[in-house]
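Dear colleague,

I am handing over the structure below, and after it you will find some notes on what turned up in it. Please read them with the model open beside you.

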Amino acid sequence: MQFDPNNKIVKLCAQGMEMEEKGNPEEASKHFLQAWNEATNDFEKFTAAHYVARHQKSVADKLKWDETALQLALKINDDTIKGTYPSLYLNIAKCYEDLNDFDNARKNYQIALSFTSLLPDSGYGNMIKGGIMKGIERVK
């Protein structure tokens, strides 16, 4: 599944990322919430939820949005979306770790690890793999 640059939700998320780069997280958050509110299918909702999660004030709220993004991704019947699973489970694991729920953190880091074969052999893929391995070490 390709991210269609003409898709309204993708455009809103791209605008939100531009606001992040400019150091304006409040405006970025508004774009991501608008994307969530206007999303019409699981792919659009998944995309928006992933970005909304990044701007939550509490770890518990971030976890809720990360879990929402994961549940939506799991519903999308497209192999390319599966490449997001390691990152999604990593985000969830880190939230549990930050909440001192080390059992759930360990479980989600292990699930993330189980999907690393879906990551590209690139800087991004290596960053996600590294994050998973560091998380596993922290919650042993």
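This is a predicted model: local features need pLDDT of at least 70, side-chain atom pairs count only at pLDDT 80 or more; totals for chains, interfaces and linings use all residues.

Asn100 lies in the loop that runs between helix H5 (85-98) and helix H6 (102-114), and although Asn100 is not a glycine, its phi is positive, at about 60°.

The next point concerns a pair of helices. The axes of helix H1 (residues 8-21) and helix H2 (residues 25-38) come within 7 Å and cross at roughly 165°; angles over 145 degrees count as roughly antiparallel, and H1 and H2 are therefore roughly antiparallel to each other. Their crossing is left-handed. On the H1 side the contact is made by Lys8, Ile9, Leu12, Cys13, Gln15, Gly16, Met17, Met19 and Glu20, while H2 contributes Glu27, Ala28, His31, Phe32, Gln34, Ala35 and Glu38.

Finally, a word on Lys45, which is found in helix H3 (residues 42-53). Lys45 is partly exposed, its relative accessible area being 30%, and, when neighbours within four places in sequence are left aside, Lys45 is in contact with Trp36, Ala39 and Leu72. Between Lys45 and Phe115 there are 70 residues of separation in sequence and 22 Å in space, taken from C-alpha to C-alpha.

Notes
Residues are numbered from 1 along each chain as its sequence is written. Side-chain values use heavy atoms; hydrogens and water are left out. Axes are lines fitted to C-alpha atoms, for helices over the stretch in contact, and angles run from 0 to 180 degrees between N-to-C directions. Helices (H or I, at least four residues) and strands (E, at least two) are DSSP runs, numbered from the N terminus. Angles under 35 degrees count as roughly parallel, over 145 as roughly antiparallel, 65 to 115 as roughly perpendicular and the rest as oblique. A crossing is left-handed if the near helix is turned anticlockwise from the far one by less than a right angle, and right-handed if clockwise. Contact means heavy atoms within 4.5 Å. Buried means under 20% relative accessible area, exposed over 50%, partly exposed in between (1.4 Å probe, protein chains only).
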